[in-house]
Amino acid sequence: MIEPGSEHLFAIVMAGGTGSALWPVSRRKVPRHFLPLFGRDAMIAATIRRLECLVRKENILVMTSHQGALRMEDVLGNIDIPTVIVEPQGRNTAPCIALATAVIRKRDPDAVSIIVPADHQVLDENAFRACIADAIGLAAEKQQLVAIGVRPRRPETSYGYLQVELPAAEQRASDGSPGHFFRVRTFAEKPDGTTAQKFLESGDFYWNSGIYIWHIDAISREFRRSMPDLYRDMAVMYQAIGTAAEHDMIEDVYSWQHPVSIVCGVMEQSDAVVMIEGRFGWRDLGSWDDLIEAIESEGGTARTADVSSGLLEISSERNTVHKAAEKAVCLVGVNDLMVIDTDDALLVCRKGSSQGVRKAVDIMRREGLEKWL
Ligand SMILES: Nc1nc2c(ncn2[C@@H]2O[C@H](COP(=O)(O)OP(=O)(O)O[C@H]3O[C@H](CO)[C@@H](O)[C@H](O)[C@@H]3O)[C@@H](O)[C@H]2O)c(=O)[nH]1
């Protein structure tokens, strides 16, 4: 029986992304999971604290970059440093999960893993733990990959969606509930606005939270089926882990990996995915619109300055200004803007358009403007 606190339960905290959607505050050197976007804790510290009631400390693995590993001590404060596994390069979530799975299998061939991004917000931590505990029970049976879905609140285009098979109306009527989990029919990554609106109205599409729970046998089986090359590489890394060849072998294997997300590489291909609905006040904070909405909905203000500190607004309304530097900022005759100012970079973006920030960062990367990333 695998349940919260079990020696067979592991967590994989993914902390290797660049967080480019929150540029210019989130940067290559200090991506968003290392920032205290809410409260005092860095996002990754809050994530690990949230997991501590479910997973033994020694079973929490953080997957990150060299730079991330160096920062870990600073950002975790009084939290015990978990096992940190350094990826030679960021290759998106499929290789990251393959390596973590190899490490876990070496420690425990009967493990269930909880996969969590390091930079999500959860408002109701008790509900989060209860939901994950349910998912662990299901995942322990080894058949299914469990994804946590969230009922969409708006036609968000920066998330992935999953479409579930809703039980027939008669079944709902007979047991009085919509069923505890749903089979997932399709995944749809980051739709355009019109499609997202249709998903919102459909009733059978949920946001994909990017949180998964599975037995390592189940995810290994799916890797073998959908990503056979990565499955072979995972086996190679598994053999090397714990030996003198470990470091070089992981470097080697990563040098030929292509960036692939777990959604594209595995989940979209699999017919073994089920969804449990997460009702724990989940947010990805995947864009400035998202972050500002989150801060303001909690009664805070994203505005960090006022006239006395050099912020003036004349004939201007509904603007949000994040002004970090000692600098005067005047807005005249403009509405509905987000102005995000840092020492060396300035973002001016219309509210509702912050999806474009990732694109801007991609272009800067392609053009070699690394010093501003
Ligand atoms: N260690 C490691 N972590 C990574 C890597 N790439 C991404 N991550 C981490 O994995 C998480 C998700 O990666 P993103 O690249 O930010 O994914 P996304 O575009 O936001 O989309 C995913 O998450 C959405 C919800 O947050 C989902 O809606 C969507 O379907 C998808 O799963 C983040 O915590 C990020 O730091 C990597 O190469 N290595």
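Ile 44, Ala 45 and Ile 48 of helix 1 are in contact (heavy atoms within 4.5 Å) with Met 72, Val 75 and Leu 76 of helix 2. Helices here are DSSP runs of H or I with at least four residues, strands are runs of E with at least two, and both are numbered from the N terminus.

## About the model

This is a predicted model, where local features need pLDDT of at least 70 and side-chain atom pairs pLDDT 80 or more, while totals for chains, interfaces and linings use all residues. Residues are numbered from 1 along each chain as its sequence is written, and side-chain values use heavy atoms, leaving out hydrogens and water.

## Salt bridges

The structure holds 25 salt bridges, each a side-chain nitrogen of Lys or Arg within 4 Å of a carboxyl oxygen of Asp or Glu. One of them joins Arg 32 to Asp 284, with the closest N and O atoms 3.4 Å apart. This pair links distant parts of the chain, 252 residues apart. Arg 32 and Asp 284 are both buried, that is, under 20% relative accessible area with a 1.4 Å probe and protein chains only; exposed means over 50%, and partly exposed is in between.

Asp 341 pairs with Lys 327 in another salt bridge, at 3.3 Å between the closest N and O atoms. Asp 341 counts as buried because its relative accessibility is 4%, whereas Lys 327, at 35%, is partly exposed.
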